[in-house]
Structure formats: C-alpha cells, structure tokens
Amino acid sequence: MMLLPLALAAAVQEGPAPAVDSVVITADRMIDVLSGKVVERPVIVATGGRIVSVVGEGAARPVIPAGARRIDLPGRTLVPGLIDMHAHLTSNPKYGGYSGYQFTDSFWVAQGTGNAERTLRAGFTTVRNVGSDGYADVGIKQAIEEGWVAGPRIVPAAHALGATGGHCDETFLPPSFQRKSPAVGDSPEELRRRVREQRKYGAEVIKACATGGVFSRNTEPGVQQLHPEELKAIVDEAHFWKLKAAAHAHGADGIRAAIEAGFDTIEHVSFIDDAGIKAAKARGTFLGFDVYNTEYTLAEGEKNGVLPENIEKERRVGTIQRENFRKAAQAGARMIFSTDAGIYPHGDNARQFAVMVRFGLTPMQALQSATSNAAEALGRTGDVGAIAVGRYADIVAVAGDPLTDIRTLEKPVVVIKGGEVVAGATAS
C-alpha cells in the first residue's frame, strides 16, 4: 500500500483507535455531484463502510482514526459509485428470441451472478433490477449481502406487473404450454394483489408495463396496455407500502397516463410528446431513456437469435427515442441513468454516458443522472449517489477528467464499495 503524499500527510492528524474498520481515501480531485463542483486534493474518511468526513485542499484537517487503512490514488479523479436504474442481471443478449429455452430455469440465476460481478467491476455499485423471473434478483441480492458472490447493491423489483398478453407477460409460447407471468393482472384489484405479492417476497420497487415493448411478441411499443385506473392502483399500492414505482412506457399516451398515475420514474420514454415532457416536469417525474443499446441490437441481435420483428421494432424506436431525449434534455426534464442492461452485455453500462452527452446533456448532468438524481429517484439519498458524509463509501476512481471526456467513466481504475477495493489496484 502506498504512503500518503507528503502534502496530504501533513494535512491529517492521528486520532484514537477505531472501534470498527476505518479507511482514508485520497486522490488529486473529486467531483461533488451535489454542488456541481470539483474538489481538489480530497481526503475522505470512512468508518464501518460509511463516510464520516470529506475535506478538500485548504479545509480544516480531518481526524484520521489510528490504524485506518489507506487507499491513495494520486493522479486520479473520484466520482460517486455509479447507479444504473434499469438493469436485468439475469438476462443475457447472447440468448435472444427462442434460444434461451434450451436452458433450465436455474441457469439464469447462475449466469446472473457473473453479470452482477461484471457490473460492479464496471463502476456500478448500485443497480435497480426492474424485472426477473422466480425472484432471482432477490436471491442474487441476498447472496451478495451474505458475501457468497460479488456484486452491486441491488434494488430488486422481482416480477414486472402487466396485463395478460402484454409486454410483461410470457408472449413467446403457444397456449399448449400454458405459461404466463405470475405478475399479470386485469383489474385494479388484481394488480394491487400483485404489488403485495412482489413486496412479500422481497421486491423493493414495483415495475409495471404501461405499454407494449420491443422485445416481446405481439405487442406494439406505442400502444397502451393498462387502463388509467389500473396504473393508479399499482402506484397507490406501491406508495402505501413505501415503495417506489417504475413504469415501462414507450407510447405517448401510456407515458402521460403513467405520469398522471404518479409513477416515480418512466422507463424507455421513446415516443414522449411535448405534453408528456410538460407533465413530467410539473410532477417532478424522472425520465429514464435507454439511448445506448440500439446499435448493439441492430448489429448483434440477429446472430444472437433476436426475432426479426423485434429488430424491426428497435430500428423504428431508436432514432425517435434519441430525438425525444434531446427535446426532454433541452426542456430541463429530470433525467436518470437507465440502460436496460441485459439487452447489451453487462459491464458496458458506462457506454451510455457518451450517447447522453451527444444528445444534449452536459457531462456533469450525465454524471448526476447516474448518481445524485438516481439516488433521489430511489429514495436513498442517505445511502448512495454522492461522496458525502453519512453515505456509503462507494467510490470510483478514473484516470482523467470525466467533465472533459465523459468516456473516462468507461474504464474505471479502481472501484470501492463500502470502503473496500472491489476492482483495480491502488498502486499508480
């Protein structure tokens, strides 16, 4: 382990021995996403996995507990641990269309643990997993928390709710297989029960499909699939249980209906119109455009078994979605970082930053979408989303300045979760 640079060594003082594990983290600079400013020569102290002190050059000297571990990162820039608000850890783009049916059900959980580790090593220390079969995301979360596998902090949705025959139902098989999603409902009361079931078995956010989608059969992305009273019932029940609610919505009518119903985030948002943008701003609804994955699907989808109808829908949706992202950005809508990881390979999540900047966000705004905005949308500003006192010591170090070149986020040098180095080395 490297010694502190002399200038930093002079700026700290030894304190009493810690009751629990402590660590001091130093670097050349840090991006404070809450203030939108750069902090020079930061010294961050964490105890028990949470940050207890953050100071920059010229500030009062922090107290460093005796025996604290040191993670010294000269020449590096620190950003908060990144948050992807729309991931499917148990999905894999290699197995598109019908090709996934060759595997037993438990295969998806097993390969999902590998996807979780790749996501963490890419700098994403928190993900919101918005839909998986068999409560697999809950199981992976529990395995991570028990220390059996490596991965990010997971906010699981379990099964996504939807209408019979809709995007969140099982739409690939004939009736002789009698397979349907256990989370479909066709009335407000049925959908209230589905919310309660997901929460009972570990869901920490409720996801519902308000419209059709790209990667389902016999559904059209722009067509609404749940009635306003059904959407309202889902949100009311989720909020009653103190859970956030996320709506899959491509079409303009479905987007507006989901916003009016009170969903906290709208995912995909492809065909949003001016009225939808206005409604989102008025209500403070977060918008999560997955603007990266189009190229991957169009280039790799066919050889991975994705059906022609799904590729054609992606071709129709992608260009319009990006132009509407530009419109929403220019209008000042609240953005979150939602990538639909699993449609493209896990671990490539950060590639979306460059697309977001290309279509209208500043680098700071793009970074905030995956940190402070995401934490607010999760309702977890006390835990994640910033390098700030009280939050977990989830920190990513990069070589270079993300505010000059956002693509530096694609290659983290060191990833720290809860004060522990989980990827990379601390030597310069």
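## The disulfide

Cys 168 and Cys 209 are joined by a disulfide, with 1.8 Å from S to S. The two residues belong to distant parts of the chain, 41 residues apart. Cys 168 sits in the loop between strand 10 (153-156) and helix 4 (188-200). Cys 209 belongs to strand 11 (residues 205-209). A disulfide is a covalent bond between the sulfur atoms of two cysteines. The model is a predicted one, and a search of the whole structure turns up 1 disulfide.

Are these cysteines buried or exposed? Cys 168 has 14% relative accessibility, so it counts as buried. Cys 209 is buried as well, at 1%.

## Strand pairing

Strand 7 (residues 69-80) pairs with strand 2 (residues 22-32). The two run in the parallel sense, and the pairing covers 7 bridges. Within it, Met 30 stands opposite Leu 78 of strand 7.

Strand 7 also joins strand 16 (residues 395-398). Here the strands run antiparallel, and 4 bridges connect them. Val 79 stands opposite Val 396 in strand 16.

## Ser 53 and its neighbours

Ser 53 is part of strand 5 (residues 50-55). Its relative accessibility is 16%, so Ser 53 counts as buried. Which residues does Ser 53 touch, leaving aside those up to four places away in sequence? They are Val 43, Ile 44, Val 45, Pro 62 and Val 389.

## Aromatic rings

The count of aromatic pairs comes to 14. One of them is Tyr 95 with Phe 103. Their ring centres lie 4.8 Å apart and their planes meet at 70 degrees.

Phe 103 is partly exposed, at 24% relative accessibility. Phe 107 is partly exposed too, at 23%. Ring pairs link Tyr 95, Phe 103, Phe 107 and Trp 108 into a cluster.

## Charges over Tyr 392

Which residues place a charge over the ring of Tyr 392? Arg 50 has its charged end there, 4.0 Å from the ring centre. Arg 153 lies over the face of Tyr 392, at 3.6 Å from the ring centre.

## Positive phi values

Most residues other than glycine have a negative phi. Ala 158 is not a glycine, yet its phi is positive, at about 60 degrees. Ala 158 lies in the loop between strand 10 and helix 4. At 0% relative accessibility, Ala 158 counts as buried.

Lys 242 also has a positive phi, near 65 degrees. Its place is the loop between helix 5 (228-240) and strand 12 (244-249). Is Lys 242 buried or exposed? Its relative accessibility is 74%, so Lys 242 counts as exposed.

## The annotated domain

What does the UniProt record place at residues 77-422? The unreviewed entry gives the feature "domain: Amidohydrolase-related" for that span. In the model, residues 77-422 are 36% helix and 15% strand. The end C-alpha atoms of the span lie 17 Å apart.

Notes:
Residues numbered from 1 in each chain as written. Predicted model: local features only at pLDDT ≥ 70, side-chain atom pairs only at ≥ 80, totals over all residues. Heavy atoms only, no water. Disulfide = S-S within 2.5 Å. Buried < 20%, exposed > 50% of the residue type's maximum accessible area, 1.4 Å probe, protein only. Contact = heavy atoms within 4.5 Å. Pairing = 2+ DSSP bridges. Phe/Tyr/Trp six-rings, centres within 6.5 Å; stacked < 30°, edge-to-face > 60°. Lys NZ or Arg CZ within 6 Å of the ring centre and 35° of its normal. UniProt positions renumbered as here; feature names shortened; annotations may be inferred.
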